[in-house]
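User: I would like to learn how to read this structure feature by feature. Where should we begin?

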Amino acid sequence: MTRSFETGGAPHMPPQTTVAAVMLQVLLALVPGVLAYTWFFGPGILIQIILATFFALLFEALMLRWRGRPLKPFINDYSAVVTAVLFALCIPPLAPWWISCIAMLFAIGFAKHLYGGLGQNVFNPAMVGYVVVLISFPQVMTAWLPPLALAEYSPGLVDSLVTIFTGHVPVAGAWDAVTQSTPLDTLKTGVDAGRMVPEIRSAPIFGDYGGMGWEWIANWFALGGFFLLYKRTINWHVPVSVIGSVILLSLPFWLADPDSNPFPLQHVFSGGLVLAAFFIATDPVSGCVSNRGRIIFGAGVGIITLVIRRWGGYPDGVAFAVLLMNMAAPLIDRYTRPRMYGE
Amino acid sequence: MNKTAMTLASQVELAREAGRHTHHFHGGLHLRHNKKISCRDPVVRPALPELLIVPLLQHAGDIAEPFVSAGEKVLKGQRIGQCQPSAAVHSPVSGTVEAVENRPMSHPSGQPGPCVVIRPDGNEQWVELEPVSDWENASPETLIAKIQDCGLVGLGGAVFPTHAKTRDGRDRQIHTLILNGSECEPYISCDEMLMREQPDKIILGARVLRRALGAERVVIAIEDQMGAVQKALTRAAKLAGSKNISVVKVMTIYPEGGERQLIQVLTGLEVPAGGRPSDLGMVCQNVATAAAVADAVVEGKPLIERYITVTGNGISQPRNFQALVGTPFSHLVAACGDYTDDVARLVVGGPMMGYPIATDDTPVVKASNCLLALTHRDIADPQPEMPCIRCGECARVCPATLLPQQLHLQIKTGLWDQVQEYGLSACIECGCCDYVCPSHIPLVEWFRYGKGEQRKRALESEATELARKRFEDREARLLRFKQERAEKMTRRKQLLKDKAGRGDRIRDAIARAENRVTRTGETPDDA
Amino acid sequence: MLIPILVLMTLGIVFGLGLGWAAIRFRVQSDPVIERIDALLPQTQCGQCGYPGCRPYAEAISREEADINQCPPGGDAGIRALADLLGREAKPLNPENGELTPKTVVVIDEQRCIGCTLCIQACPVDAIVGATKLMHTVIASECTGCDLCLPPCPVDCIDVIEVKPGILRWRSPRPHGVQDPAVPQ
């Protein structure tokens, strides 16, 4: 007695993982860093994350509709959420709500969907969104808070909500009283003014390595990064080469002139470098495909970051470095194709 | 160390050390074996089915020409088809030929093909067998001819005619014969059962093949948890008194049973791109092929049956059979407790590389090493296919160190030059990349399609090149004719103008006419 | 004021010379356009485009006398390839010249052939062998399916048969892929 069956393609085994699972792992790895951030700087960051996520999903749905694509698998794959969270971690915790809106419009609408959607973006969407608002609204984007331990005014949840949605600071009235420049910014203006690095570093805003609070956040992000390495969600090549190139490049400068150049580890633990090394530069879509290519990519990010930090106009150049290397990634891929079996 | 930087000669020398140490290949996966469920019971021959459907295409090469027609009586082992220079097809039973017609056969296309349908008479009467007497002293060419007569093909899945591989090996002075017993795909256990139950036959076949190839040593590769198998084979080798047969355990990482990966594991060398293992002085055969060689040469029996695993969550009592070629799969399934309730798909081969079949009256062929019945749970997919997120997992696991995500993009957009450059022809279709892809892209299907397209484009470009050349040659010829005619015309015109020599020319013409008489014996008046 | 002008002028001259030298030193040898166009044509030599063969058609395209959508055996894929090469717009196949038909070859019925050699003279790729008053036959592997031998035959003994890929020529089908209308199927 014969029986008929439906046919289907190989392999004929249960699938191992899904896109959503990969994205969720990344989000999970970000949790320790976000908690540390909240601990040191207050609940503003959580509101920013929720805002950015909302706008990201909104624009993703709108773009999918406009492009005639089904919503179902793409909204659920959490890739827009990852973009939103990474962006939110780069902006000041009290930035107005419309910053997230404009940034996510550019990140999801332009950088992701106009290039073809998931898996097709040439540039890292979170960085595109960040750079657009950074250049367009420099004043708002440099209104950083000091760590809670140092601040005279520490906004609670309600105060943060009011500030973010209305743009006014409820207590004290003026932005100047509330904000303070970041450690990197302090360092840069100090060096440009001719002061010596050790003297600048004696300010309370600096911790042992990077900025107070900032270095711990970097540690926790690194922890999340190690989790991703263990799960094989990211390769070790990019983080090692980003951090390694920063250390290797800043070491001779510091050895030659410790008064005008920060200690290498200080570079590593300041700004968004650790976040970029483990979460942003490792974005597979806009990075390189081969391991050798990834090392070159990471080295490029590290070097350009240092150059912008030292000689450029912005205190932290990670975002620009990542975008520039995104441009170079296809060329690097072309020249670092791995040797095939038997070649 | 990049061993391909060594010269080929030094690689061949290094290959003589095959099996002394084991090496690694890039990528690969640790898969759950799922083999124990089919190894519990000893291998049996199922009862004779009512009808046997013997396809005429069971080998790499052309379709065999049938030698029999409907109504004829055949004996067991009688040749019923031949494809020169590929393999012959033999009848698996004695009985009557009911028809020679198109029936479903185990072909990846799912298309039916010409088959000889035989109704067995139950007598199992053999045709007169002609083994090679005293094979130990027979010439290698005699052994190869017998292998060819008995229709032997590679039973590892590629069904390449064994005699052709052996002859090619002889020509290239092979020094090592590798027997591949490292069955790496999950669920399949037929080779392991063969090695457990008939180690002597495998060793005998190895010795015959070694003589036919002119090789010095034999290396039998088995998986590292096959302890009992190693003991059995080593003892058999010792009993046979044969030196230079070693049994080597290789680490179980799918797909270590692939020919190229196995050679890399045993020698650390890579088969040159576009080349064959015989370039390194090695030939690789499956253990079941070796056993079949022993049957053919020592007993004269053609290839008409093979070990096959019937397994999967969709089968009630999975086990291995020694099945006749042409047995419908439904017959085997009935012999092992029938399907379970939630069976959903039938696959011929393993879960990584197998082909699905639409109906279970498809017959067993020489290439069928496994029938896998999968349930709905096995094939359920929670996520539809998503675009590639370029995570790079596929490149991490590829045993041929290719870049599957690039190949997929190139095939999809038709960049065929780059497909060539990125080495699609080196892909062994193992399915590792497919297995790890988070976007559930059917990469193996894309690569099979890509290879087909490449072949088609290569054939087409050959044909157009030929057509262009013929056209140009024809144009050149026509031009030449025109020029020659024009020259002749000018010369004639010149001659006409030359009134002075006219008298001479008329005299020469008359002389030529008279000469013609002498030559042919006739005068112009006679003609 | 003078110094910047001089500096820019000097830079311009230096870079200009450098580019000129690089254009000569690093020149890439590539086929002339006619060869590249001819390489994309199917070499059926049928004349449906209006030119006596693929090479004349290629020459006409390169002189911009002919449009790129005149070749039925090349089909839409051929038109697209030509459009990519030349930077012109891909148009649909000109229906006046015929349609893209499946690959065919011709076969001569030997019972009816009278040995007149008219088909031999007509075949643009010399795929028919034979001589006067002797049997003619078509070499199937060389026949391009151009059908130019059909009109001259006085006894109409040439049949057209479609070439169907058998099971040996079967190729794996293209997977459906994530639906993407931008990618040509």
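Analyst: Begin with burial. A residue is buried if 20 or more other C-beta atoms lie within 10 Å of its own, exposed if 12 or fewer, and partly exposed in between, with C-beta atoms placed from the backbone. Helices (H or I, at least four residues) and strands (E, at least two) are DSSP runs, numbered from the N terminus. In α4(A), the buried residues include Ser79(A), Val82(A), Leu86(A) and Phe87(A). The model is predicted: local features need pLDDT of at least 70, side-chain atom pairs count only at pLDDT 80 or more, and totals for chains, interfaces and linings use all residues. Residues are numbered from 1 along each chain as its sequence is written, while chains are lettered from A and ligands numbered from 1 in the order in which they are written.

User: How many residues of α4 (79-88) of chain A are buried, and what covers them?

Analyst: Ten of the ten are buried, so helix α4(A) is largely enclosed by the rest of the structure. Its cover includes α1 (19-41), α2 (44-67), α5 (97-113), α6 (125-136) and α15 (273-280) of chain A.

User: Does α1 of chain C lie in the open or enclosed?

Analyst: In the open, largely: of the 24 residues of α1(C), the number buried is zero. Length is another thing to check on a helix. The expected span is 1.5 Å times one less than the number of residues. For α1(C), residues 2-25, that gives 34 Å, and the end C-alpha atoms are 34 Å apart, which agrees.

User: How do I read the overall form of chain A?

Analyst: Chain A has 17 helices and zero strands. Its radius of gyration is 21 Å, close to the 20 Å from the rule for 343 residues, so chain A is as compact as a globular protein of that length. Of those 343 residues, 51% count as buried.

User: How do I read a sheet?

Analyst: Strands of a sheet pair through backbone hydrogen bonds, either parallel or antiparallel. Here, two strands pair if DSSP finds at least two bridges between them. One open sheet of chain B has four strands in the order β1-β7-β6-β3, with antiparallel pairing. β1 (52-55) and β3 (73-74) of chain B are at the edges with a single partner strand each, so one side of each lacks a neighbour in the sheet. Four bridges join β1(B) to β7(B), residues 112-120. Val54(B) has Val116(B) as its bridge partner in β7(B).

User: How many residues of chain B are in contact with chain A, and which elements do they come from?

Analyst: Contact means C-beta atoms, placed from the backbone, within 7 Å. By that test, 54 residues of chain B are in contact with 39 of chain A. Elements giving two or more residues to this side of chain B include α12 (404-413) and α15 (443-497) of chain B. Its residues divide into 30 nonpolar, 14 polar and ten charged. Ala, Val, Leu, Ile, Met, Phe, Trp, Tyr, Cys and Pro count as nonpolar, Asp, Glu, Lys and Arg as charged, and the others, Gly among them, as polar.

Technical notes. Two residues are in contact if their C-beta atoms, placed from the backbone, lie within 7 Å. The radius of gyration is taken over C-alpha atoms; the globule rule is 2.2 Å times the number of residues to the power 0.38.
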